[in-house]
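The following exercises are to be worked with the sequence and the model side by side.

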Amino acid sequence: MRAARETPVRVGVFGLLGSGNLGNDGSLEAVLGYLRAEHPDAAVDALCGGPEAVAARYRIPATRLHWYRGEYRTASRAGAIVGKGLGKLVDVFRTAAWVRRHDVVIVPGMGVLEATLPLRPWGFPYALFLLCASGRLFGTRVALVGVGAAPIGSRPTRALVRLSARLATYRSYRDALSRDAIRAMGVDTTRDEVYPDLAFALPTPSASAASDAQGLVCVGVMDFHGGDDDRARADEIHRRYLEGTTRFVRALVDAGRPVRLLTGDECDAPVVASILDAVDSPLVTAADTASLADLMKETAAADSVVATRYHNLICALKAGTPTLALSYAAKSDALMERMGLGAYRHPAREVDADRLLEQFRELEGRSTELRATLAERNRVATRQLEHQFTALTAALFPAAAHAHAHDHALREIR
């Protein structure tokens, strides 16, 4: 039996959750699954980007991350600029008050310590710093669990990320590159561990998932404009990505292959619309997905997957479907290597439809072998995430960990 506790542990989850990014929400879902299984008495709520969506889907109380509702819209008018500036001040007190009400705050996965996509320091990096600083001030344990990190060119952003990491009580990473990046920023990572992405802890679709369309190829697209250091040529990068991906889809259709377009964020919808308009074939359809579970079902039904977004890749790999990555960051490369498909990567910044088609044919030629490889790598990932959650309990819920150890000792004596 678990040790009784007069008052439940108060656990907060924090991040850009419920804002339309399926990967972020999938990480939240994995952590909520862990909490409900291992700490069912915990009182859980969220400080997040989309509180209405989080409250409705996950049935936990949720509060808006920023006081100013237009935080992630470009401020061009004086009123908006003043609103954003005032919001930064108000958020200091709002974040501190929220953190103070908790025993533990978990930042579930996500690339919170990276800038592989365009990012301003006064946006989420500032919010994360307020969280971690408040945790240190009030003695609330803040855990960055299975997060992504990468080298950051912007000095202000890098400084905020470094401070946040230093102030956190617990850190673990979704790949070794992330830990190396944080170490290079001057953070002591001696006690930090690397585990698979939290999304690998989500349920896997049943093997019976199948599609009526023979030879189905899922193509995961992204509203891709490069990273934080590519702002000057963002339009060119986007144009090349869209043109190359469209040519690839058209080549599949010309070969009689049905294509299912996938997204991972609401902002990807215009890319889907552009491809549907350009190819104009009944063989090309768009999936309506509201979660990583939906994405996994789509990829499980496909013969092969070609995808850009990081969590599109995870869904396909976890489903055990041979996958080719349109890679836009080192995290995608590391994921493909971990899952044994490192040879099947193509640069998202320079999509060459002809070369991509060659790689795709090679991938399909090894389908049986790659499915076996993925099955084994997924078994390993499951075991590693079990260790992650055990370590998390020991770090954040010492009373529960002690009770578990006590119960185990009694069973051994008996």
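**Exercise 1. Trace the unit that strand 1, helix 1 and strand 2 make, and describe how strand 1 is placed.**

Step 1. Strand 1, helix 1 (residues 22-38) and strand 2 make a right-handed β-α-β unit, where right-handed means that, with the strands pointing away from the viewer, the path from the first strand over the helix to the second runs clockwise. Helices (H or I, at least four residues) and strands (E, at least two) are DSSP runs, numbered from the N terminus.

Step 2. This is a predicted model, in which local features need pLDDT of at least 70 and side-chain atom pairs count only at pLDDT 80 or more, while totals for chains, interfaces and linings use all residues. Residues are numbered from 1 along each chain as its sequence is written, and side-chain values use heavy atoms, with hydrogens and water left out.

Step 3. Strand 1 and strand 2 (residues 43-48) run parallel and are joined by 6 bridges; two strands pair if DSSP finds at least two bridges between them. Within this pairing, G15 stands opposite C48 of strand 2.

Step 4. Strand 1 (residues 10-15) also pairs with strand 4 (residues 104-108), in the parallel sense and over 3 bridges. Here G12 stands opposite V105, and V13 stands opposite I106.

Step 5. Because 5 of its 6 residues are buried, strand 1 is largely enclosed by the rest of the structure; buried means under 20% relative accessible area, exposed over 50%, and partly exposed in between, with a 1.4 Å probe and protein chains only.

**Exercise 2. Give the strand order of the open sheet of 7 strands, and say which strands stand at its edges.**

Step 1. The 7 strands of this open sheet follow the order 3-2-1-4-5-6-7, and the pairing is parallel.

Step 2. Strand 3 (62-64) and strand 7 stand at the edges with a single partner strand each, so one side of each is left without a neighbour in the sheet.

Step 3. Helix 13 (residues 367-396) lies across strand 4, strand 5 (141-147) and strand 6 (170-173), and runs at about 170 degrees to strand 5. For this angle, axes are lines fitted to C-alpha atoms, for helices over the stretch in contact, and angles run from 0 to 180 degrees between N-to-C directions.

**Exercise 3. Follow the chain from strand 8 through strand 9 to strand 10.**

Step 1. Strand 8, helix 7 (residues 234-254) and strand 9 make a right-handed β-α-β unit. The chain then crosses from strand 9 through helix 8 (residues 269-279) to strand 10, and this β-α-β crossover is right-handed.

Step 2. Strand 8 and strand 9 (residues 259-262) run parallel and are joined by 4 bridges, with R260 of strand 9 as the bridge partner of C218. Strand 9 in turn pairs with strand 10 (residues 284-286) in the parallel sense over 3 bridges, and L261 stands opposite A286 there.

Step 3. In the loop between helix 8 and strand 10 lies D280, whose phi is near 50 degrees, a positive value in a residue other than glycine. D280 counts as exposed because its relative accessibility is 65%.

Step 4. R59, which is not a glycine, has a positive phi of about 55 degrees. R59 is placed in the loop between helix 2 (51-58) and strand 3, and it counts as exposed at 75% relative accessibility.

**Exercise 4. Which residues are in contact with P203 when its neighbours within four places in sequence are left aside?**

Step 1. P203 lies in the loop between strand 7 (193-194) and strand 8 (217-220), and it counts as exposed at 65% relative accessibility.

Step 2. With those neighbours left aside, P203 is in contact with M296 and K318, contact meaning heavy atoms within 4.5 Å. P203 and K318 are 115 residues apart in sequence and 9.3 Å apart in space, C-alpha to C-alpha.
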